[in-house]
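The following note sets out points for a colleague's reading of the model. Please consult it alongside the sequence and coordinates.

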Amino acid sequence: MKWNRSHRLFKKALELIPGGVNSPVRAFKAVGGNPIFIERAKGSKIYDVDGNEYIDYVLSWGPMILGHSNPRVVKALKSAIEKGTSYGAPTAIETELAGLVNKAYPSMEKIRMVNSGTEAAMSAIRTARGFTKRDKIIKFEGCYHGHADGLLVKAGSGATTFGVPDSHGVPKSYAKNTITLPFNDIDTFRKTVVAGWREIACVILEPVVGNIGCVLPRPGFLEALRKITLKHGIVLIFDEVMTGFRVSFGGAQAYYGIKPDMTCLGKVIGGGLPVGAYGGKKEIMSLVAPEGPVYQAGTLSGNPLAMTAGIETLRILSKKGTYDKLSKRMQQLEEGLKDASKKAGIKTRFYRAGTMFCTYFTGSDVYDYTTAKRSDTGLFARFFINILRQGINMAPSQFEAGFISTAHTIKDIDKTVSSVYKVMAEL
Ligand SMILES: *Cc1c(COP(=O)(O)O)cnc(C)c1O
């Protein structure tokens, strides 16, 4: 496999764009080497500028659950584009998409559309602070909620101390209001809340942590969060930007049967266009401007092209049998991958939730950030580059989730599994 054109384009990009990319994970930094530049994508396949074809398990980092350029979504977009691309005034389709979201996520009684997951999480937290009139927030180690200042924070020394900035440019005074705790640790959470609830506005989490691979909540963890937050008047926010429409049609909240106060969505609801949304209980969301005093706005929010792609995607997804089919494919991939690593003698742990998954290169269980970090990233890096050479596009980091789409065929899965075995056997 040759990547000459990709390498040339990357060199040029490096001169004008920081790191040559518009989002850091695309740069292959975690695995070494240069990123491949993409020319087009269709169904389960993605094609680079050197003419190489890959079966795609990145799927734009989650959104493309129908595969790339789904014909129905493309058709809807073509007819929408003829009517103009942005008006800055209300349209019927914004309410239509809100209705589809509300039907799948009844906990989102009122919904505001934004342009990204980052905006959704940032705005949900502002609203929760406005509602509770408290300043501090709790997040969990390894969970990602976009790049807002107060969220780029890691745990300080000692699990219950206030956070320290995880990026230059984040003032210590912002990080001070963020408490970072270990995921799946009910005791630490309870102690922290009992000691400080009077100042804690909200708890935000990925109910399945996709941003360190795929870490599942232990039985009872989400239930405990729900019970303890209710008791102390703390707003529980599920960041379902990744898990939404992936863990199930109704997200992790439907799958695990937990009703959060607020929810953030993104990725799949935009069908490949830039969309985010946040919503929740009426009494909380009624505080958002212009109905209430919590300010939040967006020139392109509710954009007609983005709404159209979202509506068409959700309509297709809501058809009976879609998730059964996805689940069957996923199970096939799970069994194949587990089998391949076993036969190749590579120690791995595989986890999945609906259509997101991760194979960790470790022989021990993964249930939080610390245990995920025990993975052999050197081994993963070699696996990654060799599997790419076989025409399989996986995320260029051990700590990212993989995804499948309705466009992935049995043939795709079979080819993937045999390639994984071949590569692992030579590691
Ligand atoms: C991707 C992601 C975000 C950020 O969304 P962007 O659209 O990239 O801003 C936030 N939260 C979670 C859980 C995500 O996976």
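1. Trp-61 lies in the loop that runs between β3 and α2; helices (H or I, at least four residues) and strands (E, at least two) are DSSP runs numbered from the N terminus. The phi angle of Trp-61 is near 70 degrees, a positive value in a residue other than glycine.

2. On provenance, this is a predicted model in which local features need pLDDT of at least 70 and side-chain atom pairs count only at pLDDT 80 or more, while totals for chains, interfaces and linings use all residues. Residues are numbered from 1 along each chain as its sequence is written, and side-chain values use heavy atoms, with hydrogens and water left out.

3. Phe-245 also has a positive phi, near 65 degrees, in a residue other than glycine. Its place is the loop between β10 (235-239) and α8 (251-256). With 1% relative accessibility, Phe-245 counts as buried (under 20% relative accessible area; exposed is over 50%, partly exposed in between; 1.4 Å probe, protein chains only).

4. Phe-245 is, with Tyr-57 and Leu-333, among the residues with the most contacts inside the largest nonpolar core, which has 57 residues. Such a core is a set of buried Ala, Val, Leu, Ile, Met, Phe, Trp, Tyr and Cys residues joined through side-chain atoms within 4.5 Å. Two or more residues of this core come from each of β3 (53-56), α3 (92-104), α10 (304-317), α11 (322-344), α13 (377-389) and α14 (410-425). Apart from it lies another core, of 40 residues, including Met-64, Cys-143, Val-208 and Met-242.

5. Leu-333 touches (heavy atoms within 4.5 Å) Tyr-57, Phe-357, Ile-404, Ile-413, Thr-416 and Val-417, leaving aside residues up to four places away in sequence.

6. Helix α2 (residues 71-81) packs with α10 at an angle of about 150 degrees, the axes being 9 Å apart; axes are lines fitted to C-alpha atoms, for helices over the stretch in contact, and angles run from 0 to 180 degrees between N-to-C directions. The pair is therefore roughly antiparallel (angles over 145 degrees). On the α2 side, Arg-72, Val-73, Ala-76, Leu-77, Ala-80 and Ile-81 meet Leu-305, Thr-308, Ala-309, Glu-312, Thr-313 and Ile-316 of α10. The contact residues divide into 8 nonpolar, 2 polar and 2 charged, where Ala, Val, Leu, Ile, Met, Phe, Trp, Tyr, Cys and Pro count as nonpolar, Asp, Glu, Lys and Arg as charged, and the others, Gly among them, as polar.

7. A cis peptide bond joins Ala-289 to Pro-290, with omega near 10 degrees. Pro-290 is placed in the loop between α9 (282-285) and α10.

Note on methods:
Parallel < 35°, antiparallel > 145°, perpendicular 65-115°, else oblique.
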